[in-house]
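Welcome, and please open the model in your viewer.

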Amino acid sequence: MYFVANWKMFGNLKSINTLDKVIKFSKSKEIKKGRLIYCPPYTLLTSFFKKFENCLIDIGAQNCHENDNYGPHTGFINSRMLKSIGANYVIIGHSENRKKGETDKLINLKIKNAIKAKLKVIFCIGETLTEKKKGKTRLVLAKQIRLGLDKIKKRSNIFIAYEPVWSIGTGHIPKPKELEQIVKFIKKKFKGKSPKILYGGSVSPQNISDLKKINSLDGFLIGGASQNPKKFIDIVKKTYN
Ligand code: PGA
C-alpha cells in the first residue's frame, strides 16, 4: 500500500523536525508493507530528500511544468529538474490546479514529460459535487482518464488518485460501497493491467477503518492529516490492523 503525503502550500524549514517520528516508524516492523511518499512544496524538496537519506521514504513534487526543455518560464519547474534533485514522484491534475485553469490537454502534456523524465505520476481525477448530484461522476472520470492519458502507451509508472472534489478538505468521504464501484469502474477503463489506484479526500485516522475495506485500493493520497506525523502514522498503522 502507498501512503502519499500531499503537504500542499504548507511547511517551512522548521517542519522538517516533525519528520523524525515518521522516519523512526518507517524503520520499524510496524510499517509492514507500507510505502511512504512525501510531496512537500518545491522549497522543501531538497531538505526532505536529505532528511530521508538513510530510510526508504520517497519524495515527490505537487506539480510540474508541461515543457521538458529548459526555457523562459518564470516561476516554473519541469520534471527533469525534479528528477535531478531526487524526486521520484509527481502529482499531476490535482483539482486545486484544475480549478485554476489546468486543462486536460495540459495535464496530458505534463504526464507525458514526467514519464519521459522517469518520474512516477500520481494522476488525480475526480468529480465536483454538482457533477455528482447530476449523476455525471462516471462520465467525468472517463473523460479525465481519456484526455489525460491520450496517446500514452507506457502506463506502468502511472498511479490514478481518485479524489472526489467534494471530499477534499471537507471531512466527507464516499460511502464504501459507492467508492468500491467507482474503483471498479476506473479499473475497467484500462485494457490489460490496471494502474495502481489511490483514494484521496479527507483521509484520517477516524475514517481509515472504513476506507481500508476497499480491497481494490492500492493506497491513499493524504492532505491535511499528513502534516501531523502522529495522524499520518496512525493512518498507516490502522490500515494494517
Ligand atoms: P485532504 O486533501 O486529505 O486534506 O482532503 C487531499 C488532497 O487534496 O490531496
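Start by selecting Cys-39: at 0% relative accessibility it counts as buried (buried means under 20% relative accessible area, exposed over 50%, and partly exposed in between, with a 1.4 Å probe and protein chains only). Before moving on, note that this is a predicted model, where local features need pLDDT of at least 70 and side-chain atom pairs count only at pLDDT 80 or more, while totals for chains, interfaces and linings use all residues. Residues are numbered from 1 along each chain as its sequence is written, and side-chain values use heavy atoms, with hydrogens and water left out.

How many disulfides are there? Taking a disulfide as a pair of cysteine sulfur atoms within 2.5 Å, the count is 0. Cys-39 is in no disulfide, and the nearest cysteine sulfur, in Cys-124, is 9.5 Å away.

Next, select Cys-55. This residue counts as buried because its relative accessibility is 13%. Its sulfur lies 15 Å from the closest cysteine sulfur, that of Cys-39, which is too far for a bond.

Now turn to the rings. The structure holds 11 aromatic pairs (rings of Phe, Tyr and Trp, the last by its six-membered ring, pair if their centres lie within 6.5 Å; planes under 30 degrees apart count as stacked, over 60 as edge-to-face and the rest as tilted). Select Phe-48 and Phe-52: their ring centres are 5.9 Å apart and their planes meet at 85°, so this pair is edge-to-face. Both Phe-48 and Phe-52 are buried.
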